[in-house]
Amino acid sequence: MKLDNTLPMEYRSEENSNRILGFWLFLGAEIVLFSTLFAVYLTLWTRTGSGPDAKEIFEIGPVLIETFLLLTSSFTCGLAVHSMRLGLKKPSMVFFGITLLLGLGFLGVEIMEFVTYVNEGATLQTSAFLSSLFVLLGTHGLHVLMGLLWGGGLMLQIRREGYTLETSNKSFIFSLYWHFLDVVWIFIFSFVYLKGLM
Amino acid sequence: MKWDEFFVTGEPMIYGAMASIVLASLAIVVGLTYFKKWGYLWREWLTTVDHKKIGIMYIIAALLMLFRGGMDGLLMRAQLAIPENGLLDAQHYNEIFTTHGLIMILFMAMPFVIGLMNVVIPLQIGARDVAFPRLNAVSFWLFFAGAMLLNISFVIGGSPDAGWTAYFPLASIELSPTVGNNYYSIALQIAGIGTLLTSVNFLVTILKMRAPGMKLMRMPMFTWSVLITNVIILFAFPVLTVSLALMMFDRMFGAQFFTMANGGMDMLWANLFWVWGHPEVYIVILPAFGIYSEIISTFSRKNLYGYKSMVYSMVIISLLSFLVWAHHFYTMGHGVTVNGFFSISTMAIAVPTGVKIFNWLFTLRKGKIEFTTPMLYSLAFIPIFTIGGVTGVMLAMASADYQYHNTMFLVAHFHYVLIPGTVFAVLAGFYYWFPKLFGFRLNDKQGKRAFWLIAVSFNVTFLPLFFLGLKGMTRRTFTYSAETGFGPLNMLASIGAVGLALGFVYLVYNIYWSFRYAPRDTTGDPWDARTLEWSTPSPVPEYNFALIPKVDGLDPFWNSKKTGQPLTEGEYEEIHMPNNSGQPFILGMIFMAFGFCMVFSWWVPSIVFGIGIVIMLAVRSFERDHGRHISVKEIKETEQRLRGEQS
């Protein structure tokens, strides 16, 4: 196998750099996916039928907690990759662990928020606005859930093998994914919650 | 759900279909057991990660689907042949035109194109496989799962019946209460994920794995067309993913996206569908342009005229393809400005397309033209496609479209675009690259007979539909009265359809005959062609190139033949290849089971299979498979065996 040792480990083999490019392309598709969901939401968000509108159900408190948790997790994820590049296995694992815990916290708050909505009578079936809200947030939440499972599996592999060509590549790609979820959340925060509360 | 609703009952043709499905499955099982081929099937095909074999499986599936979709077409033509025909009832007719469209576009044209892409692209760019061979197998088996799900709907539960466009509110649970449109949302979703993964795979392959010296502007035109097509797939298919998911939420979970009350917006579906649907047209047409470019250049013995303008025109087409979607529903009441914008953007597409047509004509000019079967398809394409294109510009005029909309004129138009555009192209490509895969050419004389039968019958079938449309016959009506005067032209079209069917049957005979009797090709280059794939021996060894060729211009193989400069130099080295795996097949089967349970809203089994999918992903993640190496000795032996006559 040809290795270019001037590159960080996650890029070093041809397969590794192919995988990273492939994942960037996949993220391009994900951007289109979320853009479509945003377009649907922004088309429907005033169409509340007989149900509540955005102002009536949104609460800034839980949303700020979610934002804080997810943004911090993105930061710790960056620290994890940084430590990985310095060859520090243990700190990197710790930072990945914190990342996943913060993600879990985010998911918990989001589920509680959903439960609150449903208890207030705002369900997927109530109106077009709520359908599009639940599906947009739910798709993001599902991505976070997949990220938690993926990251968890990855940590087991790193613990067993250390940072090899394969695990460093996987960790880096996981970090791309995790940062992407953060970016999507920033758009949700601005165009769903802030816009809805204004 | 009651069991008598589970199977579709009460229709003799359906019982016939059930019987034939059972008999065909039995025949396959018995045949495999009798000839002891189960192990062969598993080792060589179901678990393969070789791009050439995956391509062959795509093409076989596409040919089967061509006949399934063709049967639908024949049934429609049989029903419409005479006024007041009672062969099919309205519901059955609705299901048939819906599945005809879905199958022909998504399960015939797409896999045929992707199949050729799989077979040709790595060979054309001098690579040993695609970037992610395992993912490639996953793509195939997801496509396969989706195709099987849609086909089984015919006998279990009922097929989708709201048109291949599935407009709301018609496709809603209130107006289409059978599970038919659940099949639509789930089967297309699964196949669509496969297609998206294919696009990522081929983009990386083309961008990163070209032979040394092959700059972007030295790529063969088919590779260019596939690169651009995959960019379109990458940006169009996620829109389909979302649309189908919203449809699923509306139909199965009571969401209000496209409903008529509670704020829902039915037109949102039409917009989302065509934001994917129009680029989809170019996804199946651009590779066809690439195939024609290769074939016309090869059989004119000239390099392609206007290479750069070919590339730029495809790039422009790909951008415009995202800006024309609303021309599919001018009549649905978005104002003058919107219609005007989409009218102009649609007509603009004719410009780059026209550039391409002239480039092909100039490639032919003063060429030493050889009339082989693939060349005949390519030559027939140019005038027939132009008729399709010009009627497309007629339809693009929003105000005139109020006359044409939803008539047989439109049906004739898109068949005039898609059949010479895509079907002729994939057939031409099939004849052209067949010897590369199997080591012999399909009999040319029979191929030409099939071509003439198909090309003439095509025009007999679809030309009358233009006139029927102008006379006011609407599409998707299951019968008409004799007073309308539509009878004779419809009869003519139906006669043409029989001719088309005979043409395709003859084509299958052509394949069968050639497998048995055609002389073997030992050169690897039976057409005296230009691009790298023809520098390999036929059939191609699993590692494609024993030595990776060096490229210093367009048409490298042609130049090497003319100048005598060898394409490769150096000594053989060990070649690293990926191992076969059963996981993609198993994953596809789990997806199929998952999809089937979802269609019938069987939640508990759906969740179980859903967990199964996650487990399969985890298994793959924890697996450590570093592939295997082919030794220098083995390469030498293989090359000597395959190139025996030359050395």
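1. Helices (H or I, at least four residues) and strands (E, at least two) are DSSP runs, numbered from the N terminus. Counted in this way, chain B holds 20 helices and two strands, while chain A has six helices and zero strands, its elements running α-α-α-α-α-α from the N terminus on.

2. A word on the source: this is a predicted model, in which local features need pLDDT of at least 70 and side-chain atom pairs count only at pLDDT 80 or more, whereas totals for chains, interfaces and linings use all residues. Residues are numbered from 1 along each chain as its sequence is written, and chains are lettered from A and ligands numbered from 1 in the order in which they are written.

3. On overall dimensions, the C-alpha atoms of chain B fill a box of roughly 70 × 60 × 45 Å along the principal axes, and the C-alpha trace of chain A spans about 65 × 30 × 25 Å along its own principal axes. The radius of gyration of chain B (taken over C-alpha atoms) is 25 Å, close to the 26 Å that the globule rule (2.2 Å times the number of residues to the power 0.38) gives for 647 residues, so chain B is as compact as a globular protein of that length.

4. On burial, a residue is called buried if 20 or more other C-beta atoms, placed from the backbone, lie within 10 Å of its own, exposed if 12 or fewer do, and partly exposed in between. Buried residues make up 51% of the 647 residues in chain B, and 41% of the 198 residues in chain A.

5. Two residues are in contact if their C-beta atoms, placed from the backbone, lie within 7 Å. Among contacts between residues at least 6 apart in sequence, 82% in chain B join residues at least 24 apart, and for chain A the corresponding share is 78%.

6. Where the chains meet, 30 residues of chain A are in contact with 31 residues of chain B. The elements of chain A that give two or more residues to this side are α1 (14-44) and α5 (128-161), and α1(A) gives the most, with 14 residues. By class, the side of chain A that touches chain B has 14 nonpolar, 15 polar and one charged residues, where Ala, Val, Leu, Ile, Met, Phe, Trp, Tyr, Cys and Pro count as nonpolar, Asp, Glu, Lys and Arg as charged, and the others, Gly among them, as polar.

7. Within chain B, helix α18 (residues 583-599) and helix α19 (residues 603-622) pack at an angle of about 160°, with their axes 8 Å apart; axes are lines fitted to C-alpha atoms, for helices over the stretch in contact, and angles run from 0 to 180 degrees between N-to-C directions. That makes α18(B) roughly antiparallel to α19(B), a label given to angles over 145 degrees, while those under 35 count as roughly parallel, 65 to 115 as roughly perpendicular and the rest as oblique. The residues making this contact include I586(B) and F594(B) of α18(B) and F609(B) and M616(B) of α19(B), and the whole set divides into 13 nonpolar, four polar and one charged.

8. Helix α10 (residues 307-320) and helix α11 (residues 336-364) of chain B also pack at an angle of about 160°, with their axes 9 Å apart, and are therefore roughly antiparallel to each other. Among the residues that meet are M310(B) and I317(B) in α10(B) and I349(B) and K356(B) in α11(B); the contact divides into eight nonpolar, five polar and one charged.
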